[in-house]
Amino acid sequence: MKNYKLAVVGATGVVGRTVLKVLEEKKLPISEYVLFASSRSCGKKINFMGKEYIVQELTEHSFDEGFDFAIFSAGGDTSKKYSPIAASKGCIVVDNSSAFRMDKDVPLIVPEVNPEEIKNNHGIIANPNCSTIQAVVALKPLDDKYKIKRIVYSTYQAVSGAGSKGIEDLENGITQFSASKNVMSFVEGNVPNTDYLVKFPYPIFNNCLPHIDVFLDNGYTKEEEKMINETRKILKRPDLKITATTVRVPVFNSHSESINVEFENDFDLDDLKNTLKEGCNIIVQDDINNTIYPLSSFANGHDEVFVGRIRRDYSVDYGVNLWVVADNIRKGAASNAVQIVEKLIYS
Ligand SMILES: NC(=O)c1ccc[n+]([C@@H]2O[C@H](COP(=O)([O-])OP(=O)(O)OC[C@H]3O[C@@H](n4cnc5c(N)ncnc54)[C@H](OP(=O)(O)O)[C@@H]3O)[C@@H](O)[C@H]2O)c1
């Protein structure tokens with residue numbers, strides 16, 4: 001088998017570092033890696049695969065020397081500029097940003113759901129939004145069996161989803177709380193100082209922010225719009241009725257989602273639970289008598305999607321409520337991207 005050459009773009013970021021970790025675990029037949037970031041991190045040393053790599057600055061000539069694959073996790077602007085350059089030189093880009101997700105010529109892939117679309121790429125494959133990935137892994141087997149009529153998403157998203165600056169805001173909020181030694185000032189709302197914020201408009205410590213990405217003219221956020229449009233594209237259900245409310249919560253890692261689903265067809269609840277149990281990379285954690293349900297702290301470090309609190313929605317004819325949790329940095333970004341590369345290599 002051929003030995004491949006792969007570029008990790010954004011190797012110093014939250015997603016990029018996890019991409020490196022997942023690559024170390026997967027042991028793919030890749031003989032050469034090059035790690036890229038911006039000029040800020042150029043020259044930085046990273047231990048990877050048992051040796052020291054020097055981070056290189058990404059430039060227009062970075063892809064001149066025969067790469068097979070590149071995993072981009074460096075923001076939309078970087079992807080828009082450099083992914084087409086890489087693709088024009090024969091490199092297949094798996095892009096973690098939202099830059100190309102809704103382009104009709106760019107497959108939007110979750111390997112458990114629509115791997116057959118990978119072959120339709122023209123050099124760029126998009127990795128969906130983290131909150132969409134975990135949702136569609138759980139929804140695909142249910143759509144196949146009972147046909148989904150409508151979805152209501154309500155998300156509880158971890159700060160790691162906002163990158164290193166999101167993590168920094170929560171860390172600094174905790175430090176400020178610990179230093180104040182005055183719980184009541186936080187209960188009463190007199191938070192002393194918010195100068196430390198680098199990512200969110202308000203402290204994420206002690207708050208749930210109903211605001212992820214920018215607001216659109218229709219009152220939704222871009223994150224909500226992404227969940228709606230990307231779900232439709234991945235499930236190949238362009239007219240599916242979906243609404244979403246996405247919320248950032250003071251959790252370091254792993255997104256939780258309440259998903260309310262209405263089906264066209266009736267279902268038996270035990271049969272639905274078995275359908276989920278048999279689904280690809282789904283772990284059902286649903287034993288309320290023993291207080292078992294998915295939690296961020298269980299999902300951290302895993303690539304599976306955890307589903308629990310599975311119960312009928314009695315307000316409609318054929319509805320169900322699900323609680324879906326997954327590691328947004330692994331399955332929601334890094335692992336999904338590496339799985340796509342794995343499929344490209346082995347299929
Ligand atoms: N976090 C998540 O859950 C998640 C999930 C899905 C998708 N994503 C997407 O993945 C991407 C990275 O997110 P993140 O959370 O890892 O962000 P992050 O922690 O802020 O890291 C950003 C990375 O991009 C690099 N970068 C920035 N500008 C660059 C440039 N001009 N050229 C080359 N590299 C550049 C940074 O390098 P320096 O060290 O040089 O600054 C850093 O390595 C974003 O597009 C994000 O939307 C994130």
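Axes in this account are lines fitted to C-alpha atoms, for helices over the stretch in contact, and angles run from 0 to 180 degrees between N-to-C directions. The model is predicted: local features need pLDDT of at least 70, side-chain atom pairs count only at pLDDT 80 or more, and totals for chains, interfaces and linings use all residues. Residues are numbered from 1 along each chain as its sequence is written.

Two residues are in contact if their C-beta atoms, placed from the backbone, lie within 7 Å. By that criterion, eleven residues of domain 1 are in contact with 13 residues of domain 2. The side of domain 1 that touches domain 2 has five nonpolar, four polar and two charged residues; here Ala, Val, Leu, Ile, Met, Phe, Trp, Tyr, Cys and Pro count as nonpolar, Asp, Glu, Lys and Arg as charged, and the others, Gly among them, as polar.

The packing of helix α3 comes next. Helices (H or I, at least four residues) and strands (E, at least two) are DSSP runs, numbered from the N terminus. Helix α3 (residues 130-146) and helix α6 (residues 222-235) have axes that come within 10 Å and cross at roughly 40°. Angles under 35 degrees count as roughly parallel, over 145 as roughly antiparallel, 65 to 115 as roughly perpendicular and the rest as oblique. The helices α3 and α6 are therefore oblique to each other. On the α3 side the contact includes S131, T132 and A135, and on the α6 side it includes K226, M227 and E230. Six nonpolar, three polar and four charged residues make up the contact of α3 with α6.

With helix α7 (residues 269-278), α3 packs at an angle of about 130°, and the two axes are 9 Å apart. This pair, α3 and α7, is therefore oblique as well. A138, P141, L142 and K145 of α3 meet L272, T275 and L276 of α7. Five nonpolar, one polar and one charged residues form this contact of α3 with α7.

The axes of α3 and α9 come within 8 Å and cross at roughly 85°, and α3 and α9 are therefore roughly perpendicular to each other. Their contact joins C130, I133 and Q134 of α3 to K331, G332, A333 and N336 of α9. In class, the contact of α3 with α9 comprises three nonpolar, three polar and one charged residues.

A residue is near a molecule or strand if its C-beta atom, placed from the backbone, lies within 6 Å of it. Of the 29 residues around the ligand, G10, G13, S38, A74 and G163 come nearest. The elements that give two or more residues to this shell are α1 (14-26), β2 (30-37), α2 (76-88), α4 (163-180) and α9 (330-346). With three residues, α1 gives the most to the shell. The shell around the ligand holds ten nonpolar, 18 polar and one charged residues.
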